[in-house]
Amino acid sequence: MRPHSLTFPQSDDFILANARVPLCLTSTRGLPPAGEGLSACDLLVRGGRIVAVAAPRATGANAAVIDCDQGIVLPRLVDLHTHLDKGHIWPRRPNPDGTHAGARVSVMEDRAANWNADDVRARMDFALRCAYAHGTSAVRTHIDSLGKQAAISWPVFNEIREAWKGRIDLQAVALFPIDYAIDDEPAFRQLVALVARYGGILGGMTYLGAVDERCHRALGRVFEAAAANGLDLDFHVDETDDSEARTLSAIANTVQAMGFAGRVLAGHCCSLALASDAEREDTINRVADAGVSVVSLPICNMYLMGRKANRTPLWRGVTVLHELAAAGVVVSAASDNTRDPFYAYGDLDLLEVYRESVRILQLDHTGPDWLRLVSSSPAQVMGLQSHGRIDVGLPADLIILRARSFNEMNSRPQNDRAVLVKGRPIDTTPPDYRELDPWVGAP
Ligand SMILES: [Zn+2]
């Protein structure tokens, strides 16, 4: 792939001229429209920050000019739901049949056999180097936190979060089946203390079948623990084609009943797409009223959901993002798994996630604001004010494309993108898989 031909000056004072910026990602108004919700503008970058967003040739600054040649400029993007601790184990532990059940068993076996601190660290760091090269500024990861694994993975995460400061902002969520909260209370209390100590987020995987009394009790415990420790919540919700799975409603009801003050995010919510119209509408209204945000994992769920041997899948596995967004729910899209039994492929490239989301969810023909799914909306959910937007005063954390339109952007992988971090171009070459051979084996 031909690399982006932009040449950057040595000084960190320059104008990105003749750029196209999505209107939905900037608060600057009055820029000349350039079609499709894009606006034509020049960005003045000084000392690593954006100091002006102006109409072409209107910054009034005397600085080196870099001509973007009508290319789209995006903020670095934000990945709201990943599994860095599972990433890249595929060569040593593939999914036997491509199903969700197959993935759960495979990961459990691999975790027990291989997930020491060095192994987890090597794979997490590799995954982050992929994300960084593609232009990601913040990542939230779930961390398998059952039994002894919590005490291995959380300190490694903490170390990695420190090491990546200034390049990628990191957040972590404890992942466990929510039964843990009622089946092993002492262990659960210990886990909550550990999560609080590392500034993490509480979560868990909810039931994949009908909501019963046990489910309500377990959810209640998790909410109580979060409230008592001032923690936010981020659940794996209804990731199943069982249309009886309705924990999303239960989560929204619990938020309301408790008056829970923290942020609550629900991931996946696949089975909502299979509900009756009336039930779907009722759930969406509850979610909107409770202020629960939703993240869809389109690529991963299209891989996992509806899979039966020798049968063509009949649905796309994704939740009802259009309807949730229309009801005012803050919605995002994210990577989820990469090269592990839950998803065999992927590289933590949010432009790929966005491009595939457009296809899977038919986001085209319904307005240009969907780019928020991988930028300002996940930044809002993560509480990161300076991420996912292009505005005066924000760091010049930018992705510069040759593509001039969304059609050009979504038609190619954009491997020739340039990425700026605090106004400086970075190497956009992802790491070599061979580096992981000592950990996961060569193919
Ligand atoms: Zn997940």
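Predicted model: local features only at pLDDT ≥ 70, side-chain atom pairs only at ≥ 80, totals over all residues.
The protein chain is divided into two parts. Domain 1 covers 13-76 + 388-425, and domain 2 covers 77-382. The C-alpha centres of domain 1 and domain 2 lie 31 Å apart. The contact draws on 19 residues from domain 1 and 18 residues from domain 2. On the side of domain 1 that touches domain 2, three elements each give at least two residues: β5 (73-75), α13 (406-411) and β15 (418-421). By type, the residues on this side of domain 1 are 10 nonpolar, 4 polar and 5 charged.

Strand pairing comes next. Strands of a sheet pair through backbone hydrogen bonds, and the pairing is either parallel or antiparallel. Strand β2 (residues 38-46) pairs with β3 in the antiparallel sense. This pairing runs over 5 bridges. Within it, Val-45 stands opposite Ile-50 in β3.

Strand β15, already named at the domain contact, also takes part in strand pairing. Strand β14 (residues 398-400) is joined to β15 by 3 bridges, and the two run antiparallel. Here Ile-399 has Val-419 in β15 as its bridge partner. β15 also pairs with strand β16 (residues 424-425). That pairing is antiparallel too and has 2 bridges. Leu-420 stands opposite Pro-425 in β16. β15 and β16 form a hairpin, with 2 residues between them. In the turn, Lys-422 has a positive phi of about 50 degrees.

Two helix pairs were then examined. Two packed helices are described by the angle between their axes and the distance between the axes. An angle under 35 degrees would count as roughly parallel, and one of 65 to 115 as roughly perpendicular. On the α2 side, the contact is made by Ala-117, Val-120, Arg-121, Met-124 and Asp-125. These meet Ile-152, Ser-153, Val-156 and Ile-160 in α3. The contact of α2 with α3 holds 6 nonpolar, 1 polar and 2 charged residues.

The second pair is helix α6 (residues 213-229) and helix α7 (residues 247-258). The axes of α6 and α7 come within 10 Å, and the crossing angle is roughly 45 degrees. α6 and α7 are therefore oblique to each other. α6 passes α7 in a right-handed crossing. From α6, the contact takes Cys-215, His-216, Leu-219, Gly-220, Phe-223 and Ala-227. From α7, it takes Thr-247, Ala-250, Ile-251, Thr-254 and Met-258. The residues of the contact of α6 with α7 comprise 7 nonpolar, 4 polar and no charged.

Terms used:
Residues numbered from 1 in each chain as written. Domains from an automatic or database assignment. Contact = placed C-beta atoms within 7 Å. Helix = DSSP H or I, 4+ residues; strand = E, 2+ residues; numbered from the N terminus. Nonpolar A, V, L, I, M, F, W, Y, C, P; charged D, E, K, R; others polar. Axes fitted to C-alpha atoms, helices over the stretch in contact; angles between N-to-C directions. Parallel < 35°, antiparallel > 145°, perpendicular 65-115°, else oblique. Left-handed = near helix turned anticlockwise from the far one by under 90°. Pairing = 2+ DSSP bridges.
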